[in-house]
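Student: I have a chain open and some questions about its packing. Can we go through it?

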Amino acid sequence: MDAPPDVGWRELDKTKFVGYGAMLFSGVTLVLYPLSVIKTIQMATPPDLAAKANAGALRGFRGVGRTVGYVSSARGFTGFYRGIGTVVLGAFPARLVYLSALEATKLIPSSQQQQKSSESTSEQE
């Protein structure tokens, strides 16, 4: 089985690259966002509120299960996705810059290698 041909930055369809990349990153964000919400609630909830919700926990929530129970009972299913719009819209420009910088830096080693090969060819002549 032959490997697919390498596509360089110049040959890349940038509209598809940015569009598909943004959709994939946003999909990953949608899947992982509830975990971020759970972690944030565990870290930011004052001990007295956590003690009421946890029936006597001394400090914070005890485990992911109790935090999930608290969020679902207090805010419903949508509570796991509160603030997702801001995260997706804020991360979109950052992802665009990141992917563009990544592809641009991939060009640096190949351009340096071309310079070295052209220098060695001119030295041999």
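This is a predicted model: local features need pLDDT of at least 70, side-chain atom pairs count only at pLDDT 80 or more; totals for chains, interfaces and linings use all residues.

Student: Which residues make up the largest nonpolar core?

Tutor: There are eight: Tyr33, Val37, Ile38, Ile41, Tyr70, Val71, Phe80 and Ile84. Two elements, α1 (14–44) and α3 (63–75), each give two or more residues to this core. The most come from α1, which gives four residues.

Student: What is Val37 in contact with, leaving aside its neighbours within four places in sequence?

Tutor: Gly79 and Phe80.

Student: On to the rings. How many aromatic pairs are there?

Tutor: Two aromatic pairs. In one, the ring centres of Tyr33 and Tyr81 are 6.4 Å apart and the planes are at 25°, so the pair is stacked. Tyr33 is in helix α1 and Tyr81 in the loop between α3 and α4 (84–124), so this pair ties together parts 48 residues apart in sequence.

Student: And which residues form the tilted pair?

Tutor: Phe77 and Tyr81, at 5.9 Å centre to centre with 50° between the planes.

Student: Is Tyr33 buried or exposed?

Tutor: Tyr33 is buried, at 12% relative accessibility, because the cut-off for buried is under 20%. Tyr81 is partly exposed at 26%, and Phe77 is exposed at 63%.

Student: Different topic. Where is Ser72?

Tutor: In helix α3. Ser72 is partly exposed, with a relative accessible area of 36%.

Student: What does the side chain of Ser72 reach?

Tutor: The backbone oxygen of Gly69, at 3.2 Å.

Conventions: Residues are numbered from 1 along each chain as its sequence is written. Side-chain values use heavy atoms; hydrogens and water are left out. A nonpolar core is a set of buried Ala, Val, Leu, Ile, Met, Phe, Trp, Tyr and Cys residues joined through side-chain atoms within 4.5 Å. Buried means under 20% relative accessible area, exposed over 50%, partly exposed in between (1.4 Å probe, protein chains only). Contact means heavy atoms within 4.5 Å. A polar contact is a pair of N or O atoms within 3.5 Å; within protein, one must be able to donate a hydrogen and the other to accept it, and residues adjacent in sequence count only if both atoms are side-chain atoms. Rings of Phe, Tyr and Trp (its six-membered ring) pair if their centres lie within 6.5 Å; planes under 30 degrees apart count as stacked, over 60 as edge-to-face and the rest as tilted.
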